[in-house]
Amino acid sequence: MPNPLPNRRALIRSLFGGSLLMPGLLSELLASDNPVAPRSPHWKPPAKSVIFIYATGGVSHIDTFDPKPTGKGRDGTGNDKLMGNLFGSQRNKKCGTEVSNIFPHLRGVMDDICVIRSMQASHFDHSEATLGMHTGSPTFARPSMGSWISYGLGTFNQNLPSFIVIAPHLPYGGTQVYASDFLPAVHQGTRVLPGDDPIANLRPPGISDGLQDLEFDLVDSLNRRHHEARPHDTALAARIKSYETAFQMQQAAPEVFDTSAEPEHVRRLYGLDRKTKGAGADFGWQCLVARRLVERGVRFVELIDTGSRPNWDSHGEMQEHADLAYNVDQPTAGLITDLKQRGMLDDTIVLWATEFGRTPTREGKNGRGHHRDCFSVWVAGGGFKPGHVHGATDEIGKYTVEDPVEVHDLHATLLHQLGMDHERLTFRHAGRDFRLTDVHGRIIHDILS
Amino acid sequence: MMIRPCVRTTVASVLAFLAAESAAGESIEFERDIQPILRAHCADCHGEGEQNGSINFADRPSVFAEADSGERAVVAGDVGASNLLARISTDDQSLRMPPDGDPLTDEQIERLRDWVAAGAPWPEMREAAVDQQPEQGHWAFQPITDPAPPAVRDETWPRGALDRFIQSQRENAGLSPAPDADPVTLIRRATYGLTGLPPTPTEVQEFVAAADSPQGIEKAFADLVDRLLSRASYGERWGRHWMDWVRYADTAGDNSDFPIPQAYRYRNYIIDAFNEDLPYDRFLTEQLAGDLLPADTLDQRNRQTIATGYLAMARRFGSLVERYPWHLTIEDTIDNVGRTMMGLTISCARCHDHKFDPISTRDYYGMYGIFASTRYPFPGIELFQTQRDLVPLISDDEVAEVLEPYREETEKLSAELDRLLNACDKRAAEIAAAEGAASIAERRKMRDELDAMLLKARGAGTALANHLKEIPPIPTAYAVQDGKPHDARIHIKGEPVRPGAEVPRRFLDVLGGQRVPDEVAQSSSGRLQLARWIASAENPLTARVIVNRVWQRHFGEGIVASSSDFGTRGQQPSHPQLLDWLATQFIESGWSIKQLHRLIMNSRTYRLSSHEIDENLASDPDNRLYWKFSRRRLDAEEIRDTLLMVSGELDFTPQAKPYPIPPQTEWTYTQHHPFKDDYPNNKRSVYQMTKRLTVKPYLQTFDGADPNVCTSDRGQSVTPLQALYFVNDPFVHERADQLATMLLRELDDDQQRVERLFAMLLAREPVPDETSLMLEHVEAVRKRRGEDVRAAQQAWSSLVRSIVRLNEFIYID
């Protein structure tokens, strides 16, 4: 029996990514093509969509979600360079999770959030650790988490990409952070920019406007005639269909990104009524659009708050953390509240992560260095344990003392909640079956409810 | 891995057993007292299946030999030197064996110790137990054969030997071939295939006329292939294929993505090599070791030096001069040499023996030593903002003249940096060895100490970089030279701070295991030897891999579908005899790629139409038996270059100069502000700048090459984002406007305009009702635009945009 052409598989997958076919039908189409076939979920999963919030630059765990009290160092003078949480902290009244005062809104929804305080970074530098968090590999180019999930599960909405990245600026690692790499191109992240032109080529340029219907008709009739003479070529059929989808995307996509029709109380919830400036100023819009996208059936949405500069990389002045937190705190908390009110939080995972933590010792005038031995991330919804804290660090936030969690573990657990076994979600490339979790990863059952 | 029959115990049991006595005077029998412990607790990872660290407790010699760590598991009679005992009894969790589960009991450890002390008696086993390793019998490792073309039933069909191989398998499967393609289809297919550009209307006309002449299509097509092969655009097209495989880029890929202003020289070397039909074995040798080949002139020396840009092109990582991960750059080199040139995935063996192919960690470090003895150019990095160790392209005297005033200071600062870096490496290894047994406080202290040393090295780096920036620039190549020749030590589990056994520089065992001769090894890296081993007619992989790659880019699918993996996990060849025949022909032709194109393209198989045959679709829907030509989508470069060409805007001249990247004295690239500049022009796509960290969205949308790894073949995905590109992208609209203006300016008659448009974009004439459809569209737009003076221009532009959206335009039949 000759081997089937990868082209056909790639094609069926590209249809799948464009969601012209439902996952059930797809798995039938591809069943004979294992082991590269994407799978329907391995079991009925608690979650079906992901909103991944990425905080660029390395957020200090000590000043945010793992506050340490030693404000003036061990001896109270600050001379030993040891520096605790600079902003004070309080506990959420219901669950007791302690959060720094620069995140008052998120503290208010901590009873919906599971914090992991024992994350281990894959590298000590930005680009590598950023890639590590996104792809599992700090060095070599690999598909992004969103691409893997798109590949594994497809998407619900025919008129929108399956993996959308809303990023005002590119983070460290550039386009690699949302690239599909060896997975088919249809699974790559589609980057969206805040502003009038969120997705490239959604509108006709200049004076050629108003002719599309004529052009679509002409192209369609000629393409169908061409196809009639080559009736078995599924690529030709798919490409005809892709124009219909593109046509619909032009209508559907601008509507999703236009938040003006949202009622005032919702806009306020996301802090859109506030004046924000500097890095992360558009984050309210990003969060609101994320909800609208998931609501319309997009599988994986990533929000990147800032670019490679300026961001959370506060080497010289920790006050930068407070300014950034002001921009992102209320929108992020608003997103969780909004999802919950709409009943969407149950099957939507909200993951908040950064590349590494910051040192317990002072650097420069009033800053902190990179710290890979421990940092904090959090997860809400999608069957993760609400109001829970997992893992612990020592009294100064330097080492993990309880339940260390690797990036691969986080990825494995995320896939698990989406109904996929991280050891079975594979793609054959260059002679071996690649996984998001490489040869690592264990599911952290303690953080699941 | 395959399970091999366990025959050793039965062999052993018929042999005389040896016994020893324990310290307590009890006798120890290997089979009764020792072997069961090893089997139960060690053999999973150090047995027949996996031989981690090169230790196999089912293979006596390996237990007494030097393991990858550089230690010996067992030294007969020497309890202190036997690392087995140390590893089973240590308190250090990270070192203790077995790594999972309960440690061995005190009694078991005692028994093993007694056994070692008593001279570690182990019954000799007969060699009969040595099985043939199944992987070594793998087809791709067998010598290339020269099979005779098979007999076929229909003797009128084949045009040559190649066709017979295809026909014979097709006939056996009971499939009939598609009819031959018509001349218009053929010239479009061949012109795109060899040059990446469409044929002009005149070329199509002339070819159709020649095909109609008494000499017939045979001669006309052979002439066409020769003409296309002689065009500069051929090298640009096939050079681009090579660039896909060697992951060419104009930036280094470190986290600031430093630009490489000299990279273009290597790109142009590739293009020239294809145009000159440089013999492929020579092409490989120059890229691996051109600097070590004799050269009669400075020009020749420079060309061969520039060729080693291939090795220099390996990816860079990180941002710190004091922790520069050279081992990853070397891994990237070995990975690419393996995949691109030999279809092997070697780099798995950096951390452990290859799980599926017969490639060991020792193989990897045998090659590693060759590249570790090579001096790579340094492209600059966040904390060292200048290039270093590039190779001058002017005479030694001229170089000396420029550098002399700076030489002493350069040497002093370089020596200081090297001294500090070496001290850091040494200390890091010591710490790695001591860390397991150290307390947290001790560990902290050691790391702090190392950090201080690293910081000092960074300072020395900055001093050197600042000094280097003051030296006036000279013409250089981003190329390699020989460094200090030395053998590498195995990095245990791939970690450079854990050096193990030293491995002599050599080639892969499965391909012969040749060693760099001692006298060469003392004075050279051994790269030239490696190049000869790879670019050898005796190497079973090299010729097969390249003929398969060329085949794959013509037919869309390789004879071996996994064109970068000929290992045991790759695909089997669909036509193994044809593959060998092609490889043999290729070698006999003097490794001529152009001759290979002629061989393939002048076959009847290449010239089949893409017409479907219903009966064939059932049994061979994916055309693995080549009963038709597989339709393919234009790739990213072809689409862009075609749009520019038909609108009269394509600049055909090569990019013979560096991009206007700022001078090094102005470099301040960091991971916060990486190099992101672009210098777009209207030249062919192959001359556009390629960056490793910021890939252009256009290339991502249309399955462009990944500049970070070997891209075996281009995807042919179909997505709505591609459709949106054709519908709304300003580039498409601007080209359409240009072409519309041209049509209106050069032709007066609407029907002629339609004909010209069809000829340019589809290489054919419109049928009558197509013409009327086109004219209706033009009229409809004109009407809609009413009095607008630009109505005609807009109407024709709209028609152009529609035609470039057609499947007939974007697919090649």
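This is a predicted model: local features need pLDDT of at least 70, side-chain atom pairs count only at pLDDT 80 or more; totals for chains, interfaces and linings use all residues.
Which side chains meet in a salt bridge at 3.2 Å, N to O? They are the side chains of Arg684(B) and Asp641(B). Residues are numbered from 1 along each chain as its sequence is written, chains are lettered from A and ligands numbered from 1 in the order in which they are written, and side-chain values use heavy atoms, with hydrogens and water left out.

- A salt bridge is a side-chain nitrogen of Lys or Arg within 4 Å of a carboxyl oxygen of Asp or Glu.
- Side chains of opposite charge can pair when their charged atoms come close.
- The search of the whole structure finds 93 salt bridges over all chains.
- Arg684(B) and Asp641(B) meet in one of them; Arg684(B) lies in the loop between helix H25 (636-646) and helix H26 (697-701) of chain B, while Asp641(B) lies in helix H25, 43 residues apart. Helices (H or I, at least four residues) are DSSP runs, numbered from the N terminus.
- Arg684(B) is buried, with a relative accessible area of 4%, and Asp641(B) is buried at 2%. Buried means under 20% relative accessible area, exposed over 50%, and partly exposed in between (1.4 Å probe, protein chains only).
- Arg598(B) forms a salt bridge with Asp226(B), their closest N and O atoms being 2.7 Å apart. This pair links helix H23 (residues 593-601) with helix H9 (residues 216-229), 372 residues apart.
- Arg598(B) is partly exposed at 26% relative accessibility, and Asp226(B) is partly exposed at 35%.

**Salt bridges in chain A**

- Arg296(A) and Glu295(A) form a salt bridge through their side chains (3.4 Å, N to O).
- Arg296(A) is partly exposed at 24% relative accessibility, as is Glu295(A) at 34%.
- Both residues belong to a network of salt bridges whose members include Glu255(A), Glu262(A), Arg291(A) and Asp338(A).

**Nonpolar cores**

- A nonpolar core is a set of buried Ala, Val, Leu, Ile, Met, Phe, Trp, Tyr and Cys residues joined through side-chain atoms within 4.5 Å.
- The largest core has 120 residues, and those with the most contacts inside it are Trp242(B), Tyr266(B), Met342(B) and Trp551(B).
- A second, separate core of 111 residues includes Ile102(A), Val115(A), Val289(A) and Val804(B).
- Leaving aside neighbours within four places in sequence, Met342(B) is in contact (heavy atoms within 4.5 Å) with residues including Val337(B), Phe507(B), Leu511(B) and Asn539(B).

Technical notes: Helices (H or I, at least four residues) and strands (E, at least two) are DSSP runs, numbered from the N terminus.
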